[in-house]
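Please open the structure in a viewer and keep the selection panel at hand.

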Amino acid sequence: MEGMKSFYLETFGCQMNVHDSEKVIGTLMERGYRQVDTADDASLVLYNTCSIRDKAEQKVFNRLQHHKKNNGKQVIGVLGCVAQQEGEKIFDRAPHVSLVVGSASYTKLPELLVQIEQGGRRVTGLSLDTDETFDTPLTRRDNPYRAFLTIIEGCDKNCAYCVVPYTRGPERSRTSQSVLDETKQLAAAGYTEIVLLGQNVNSYLDPSARGWRFAQLLRAVGEVDGIRRVRFTTSHPRDFTKDIIDAIDETPSLCNHVHLPVQSGSTRVLEAMQRQYTRDQYMRRIEWMKNARRKITITTDIIVGFPGESEAEFQDTVSLLDAVEYDGLFSFKYSQRPNTPALALDDHVPEEEKGRRLLQLLEHQRTIMIRNNANYVGETENVHVEHFNSATGQWVGKTTQHKTVNFTHTRGPGAALEGSYLDVLVTRSGVASLVGEAVAVN
Ligand code: 5AD
Ligand code: SF4
């Protein structure tokens, strides 16, 4: 019976996964499935998984444990990066799972669902050698103002610690025309902010005769009528070219924030990580941003305790924080991943030492962010409003530089300010956010 089909989907990991889930939800709804809020109420339970670090992977197996006493009426499925990485081994570890699908196989989801509906017990979609992208008009976007939009899938880099090339397969770019068509549809549907997504957006290469590179696509998306903000993530320093900064300088809708993961401040460690750039080459890209006409904020990812990382090499990372003056930092303890080149390395850094380095890094970054944020006090910033926080009585939104601003407004909850752009006078600053008051609607 069509009306009886219901699903529950929980997503782990990055924005690519979040967006994949929006596409999966659209595909399921098209097939007559209804989304429910708790796993117990669903006939189909799906986990869209992440395997970037061991902890992320363990979370999924904990969730699966919960379904052990499956009464046979529920179908349990594992999607995403753990699915691709572990493949059919998941059936051995969790025999109550009957669907295992990696992200490169989502185009086959409708066929796989048919197999499941016909009682299939060990249904898999694990092919990685696809040259298609999961380009579907069925996407169910979660936010009515800001839309994720995939421009490139997979990764051709070979970073020694990283599982992504194995879980998401080789790079496949979408044509610029299909990206622009989707942007126009989104603008017509009322979206004003676009987030271009890819594991490495900088290696975007238009497969059509136009042959556009990333900066050209970025400008064109930024010029679509009705689009007020464009962000992109994630960038790889090796492929990050100066024309991206020129595009930001010359196109007002392109947000002046760049997330440029460095991973380490030591050229020796970067080489061991197979990152294909030196500290100096990374700093050259930072100089482009510092010399831009617009004030571009820079955020990064760092791994501490990569095999062989000495105390002096770690201190090179600490000093890099000062050299760049990052506006945000995501830092992680190195975690060994299956299939990756770094498995062959020894000289592991003890867990407690990794913890110590992580803390020192975060403490150092804290003082930099306090200093950076203090510079905004007294400035008026344009804020894209996200929601009202009833606990604090403040509205919450983001500046073009991706700073969170908590602000007061003469209008409170129910005023439907969500999605609008307001000028806010910044009156105070903190470590991770700014505080202010709305000055005018525009
Ligand atoms: N261990 C720890 N952190 C990792 N990352 C990627 N792989 C690993 C790993 N094996 C981090 C990197 C990357 C971010 C998404 O996750 O910093 O940029
Ligand atoms: Fe996690 Fe990486 Fe997969 Fe995203 S691509 S879900 S971060 S493993």
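The stops below take in a sheet, a pair of helices and several loop residues. The model is a predicted one.

**The sheet**

Begin with the six strands that form an open sheet in the order β2-β1-β3-β4-β5-β6, where the pairing is parallel. Select β2 (34–35) and β6 (123–125), which stand at the edges. Each of these two has a single partner strand, so one side of each is left without a neighbour in the sheet.

Next, select residues 44–49, which form strand β3, together with residues 75–79, which form strand β4. Five bridges link β3 and β4 in the parallel sense.

Select helix α12 (residues 311–324) and helix α13 (residues 351–374). How far apart are the axes of α12 and α13, and at what angle do these helices pack? The axes are 10 Å apart and the angle is about 20 degrees. Angles under 35 degrees count as roughly parallel, so α12 is roughly parallel to α13. The crossing of the two helices is right-handed.

To display the contact, show the side chains of E311, F314, Q315, T317, V318, L321 and D322 on α12. On α13, show E353, R356, R357, Q360, L361, H364, Q365 and I368. Colouring the contact residues by class gives five nonpolar, five polar and five charged.

**Backbone features in loops**

Move to the peptide bond between T233 and T234, which is cis, with omega about 5 degrees. T234 is found in the loop between β11 (229–233) and α9 (242–250).

Finally, select the loop between β14 (328–333) and α13, where N339 lies. N339 is not a glycine, yet its phi is positive, at about 70 degrees. D347 also lies in the loop between β14 and α13. The phi of D347 is near 65 degrees, again a positive value in a residue other than glycine. Is D347 buried or exposed? Its relative accessibility is 54%; exposed means over 50%, so D347 counts as exposed.

Terms used: Residues numbered from 1 in each chain as written. Chains lettered and ligands numbered in written order. Predicted model: local features only at pLDDT ≥ 70, side-chain atom pairs only at ≥ 80, totals over all residues. Heavy atoms only, no water. Pairing = 2+ DSSP bridges. Helix = DSSP H or I, 4+ residues; strand = E, 2+ residues; numbered from the N terminus. Axes fitted to C-alpha atoms, helices over the stretch in contact; angles between N-to-C directions. Parallel < 35°, antiparallel > 145°, perpendicular 65-115°, else oblique. Left-handed = near helix turned anticlockwise from the far one by under 90°. Contact = heavy atoms within 4.5 Å. Nonpolar A, V, L, I, M, F, W, Y, C, P; charged D, E, K, R; others polar. Buried < 20%, exposed > 50% of the residue type's maximum accessible area, 1.4 Å probe, protein only.
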